Amino acid sequence: MSDPSELYEAILHGDARKAEAVTKAALEAKVDPSELLQKQMIPAMDEVGKRFECNEYFVPELLIAARAMKTSLELITPLLAEAGAEPAGRVVIGTVQGDLHDIGKNLVASMLEGGGFQVVDLGVDVSPEKFIEAAKQKEGTILALSALLTTTMTMMKAVIEALEKEGIRDKAKVIIGGAPITQQYADEIGADGYSDNASAAVALARKLAG
Amino acid sequence: MAIAGLTIIGETINDSVPSTKALFDAGDVEELLELARFQDQRGAGYIDVNIGSRPPELMAELVAKIQGATSKPLSIDTPDPDIARAGLEAYDPARAGGQAPILNSVSALRADMLELYRIQPFKPILLVSEQVVDGQSRPCHTAAETYDATRSLVAAFREQCAGATNDDCILDPGIAPIGSDTEGNLHRLITAMETIRADADLAGVHASVGLSNFTVMLPPKRADGSPLKSALESAFLTRAMPLGLDMIVGSVKRKYQLLEPDHPAMVCLEECLKASGFDVLMRVREFYS
């Protein structure tokens, strides 16, 4: 039987095959899936995030680790659901209307999944109406908006205005990011948070979900 | 460093570059002009001008002032028709030795920007990495989609712009960061360029990519301390120039060179082209680790 702590190492080093094998072995040995998630998987992704922020890891390492995490998550998620375990929170993510860039958005989505969040990815070129519709499905949803262009970042404000118009601004949190975005811009448009990288976005989402 | 046959569109006067944005925010036109002069002296063939979502009047003012600081032709870089119009109206070909400006960029969904050709003939960068599906703009995921987008946009340009020829077209087939390329974008791009190259009706078109985008999110150096980004970008140029790539939106500071087939960056690029999914990332990681 594999040692569950090997799962931490497998995710940290992005070894998806090993992550899958160790997860399966642990589940067969009746290890609590919730314990696997909390003690091995999420700490591994937290360490990945730390290494990324101090330039020890770069985007390839981030994505490879997130894939390993996802491999294990797919095995344990049904069991967690059966046991009634709740995800860290619900995030609806998308690139705003008029913008087709998806790399940063995908990266943040992967890291959020790795951080234990339920992630609904609406894709690119997402209208304010689609964000609103998704936010209405569950109170406390975090809307994560991405934009790479100075000409499309204004759509972030449109999403917040649409939430206000619908009278549900207090039912959802809005976080924003992308190359032209700054904390100043987030403050100007009344967003709940801003992050300049995928790892910090997870910490931000945890803070808002907490 | 210059490569024969490669024209650099100097990329630094762009509102999305943080240091340049600070100049825009401070209204420091003199320093913006200095960026133009610097890129001119370092060999840029064109000077890109992107003001973000600032007023069209600023584009007009900058175009006039930059043309007073350099005789290189300009690339008016905006998706906004009003900003594009202001830049093109202000542009004086006589100050650039008679050379037309570039309009960066025209996509299928913004094809009406070609009407601006009447007020100032330009060389459009045609965004052939996008296609229109059900009235919505979507990224091209295959070489065939990229090729179809090319044929359609080049045809629109030749039909709508009297006197325009293939030589006036610059295709942008879209380059994505290799460090996150799990969806075969590099393979799509190279295959599309091969297909375009083989089409006699498209003979003479130019091609450009935003080359710095290829290596974003990667470390600056390999584990042995040698430069990573210029090596991988040079490998891309070595692979793509024989297929018709003859322009880049890029940095005049980067030391580009054509590489031998056994150069480690070249070997890495070729293996990435043969790989798929996460194996591409693994191969890139192996190159710099």
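Which residues in helix 7 of chain B meet helix 8 of chain B? In this predicted model, the helix 7 side consists of A231(B), L232(B), S234(B), A235(B), F236(B), T238(B) and R239(B). Their counterparts in helix 8 of chain B are A265(B), M266(B), C268(B) and L269(B). By class, the residues of this contact are eight nonpolar, two polar and one charged. Two packed helices are described by the angle between their axes and the distance between the axes. For helix 7 and helix 8 (residues 264-274) of chain B, the axes come within 8 Å. They cross at roughly 65 degrees. The crossing of these two helices of chain B is right-handed.

Chain B also contains a barrel. Eight strands close into it, in the order 1-2-3-4-5-8-9-10. The pairing is parallel. From one strand to the next, the twist averages 25 degrees. One of the pairs joins strand 9 of chain B to strand 10 (residues 245-250) of chain B. These two strands run in the parallel sense and share four bridges. Within this pair, V209(B) has I248(B) of strand 10 as its bridge partner.

Helix 4 of chain B spans residues 81-90. Seven of its ten residues are buried, so this helix is largely enclosed by the rest of the structure. The buried residues are I83(B), A84(B), R85(B), A86(B), G87(B), L88(B) and A90(B). What covers them? The cover of the buried residues of helix 4 of chain B includes strand 2 (46-49), helix 3 (56-69), strand 3 (74-77) and strand 4 (102-106) of chain B.

Chain A holds an open sheet of five strands. The strand order is 2-1-3-4-5, with parallel pairing. Strand 2 (118-121) and strand 5 (193-194) of chain A stand at the edges. Each has a single partner strand, so one side of each lacks a neighbour in the sheet. I176(A) stands opposite Y194(A) of strand 5 of chain A. Helix 9 (residues 198-209) of chain A packs on the sheet. Helix 9 touches strand 1 (90-95), strand 3 (142-146), strand 4 and strand 5 of chain A. The direction of helix 9 makes about 170 degrees with that of strand 4 of chain A.

V91(A) has V119(A) of strand 2 as its bridge partner. In a regular strand the side chains alternate between the two faces of the sheet. Strand 2 of chain A has a covered face, formed by V119(A) and D121(A). Q118(A) and V120(A) make up its uncovered face.

Helix 4 and helix 5 of chain A pack against each other at an angle of about 45 degrees. Their axes are 9 Å apart. That angle makes helix 4 of chain A oblique to helix 5 of chain A. Helix 4 passes helix 5 of chain A in a left-handed crossing. From helix 4 of chain A, the contact draws on V59(A), L62(A), L63(A), A66(A), M69(A), K70(A) and L73(A). From helix 5 of chain A come L107(A), S110(A), M111(A), E113(A) and G114(A). The residues of this contact divide into eight nonpolar, two polar and two charged.

In total, 16 residues of chain A are in contact with 22 residues of chain B. On the chain A side, the elements that give two or more residues are helix 4 (59-82) and helix 5 (103-114) of chain A. Helix 4 of chain A gives the most, with six residues. The chain A side has ten nonpolar, three polar and three charged residues.

On the chain B side, which residues does M217(B) touch? Leaving aside residues up to four places away in sequence, M217(B) touches F58(A) and V59(A) of chain A, and P177(B), G179(B) and S180(B) of chain B. M217(B) lies in the loop between strand 9 (206-210) and helix 7 (229-240) of chain B. S180(B) is 37 residues apart from M217(B) along the chain, and their C-alpha atoms are separated by 8.4 Å. M217(B) has 18 C-beta neighbours inside 10 Å, so this residue counts as partly exposed.

Terms used. Residues numbered from 1 in each chain as written. Chains lettered and ligands numbered in written order. Predicted model: local features only at pLDDT ≥ 70, side-chain atom pairs only at ≥ 80, totals over all residues. Contact = placed C-beta atoms within 7 Å. Nonpolar A, V, L, I, M, F, W, Y, C, P; charged D, E, K, R; others polar. Buried ≥ 20, exposed ≤ 12 C-beta atoms within 10 Å, placed from the backbone. Pairing = 2+ DSSP bridges. Axes fitted to C-alpha atoms, helices over the stretch in contact; angles between N-to-C directions. Parallel < 35°, antiparallel > 145°, perpendicular 65-115°, else oblique. Left-handed = near helix turned anticlockwise from the far one by under 90°.
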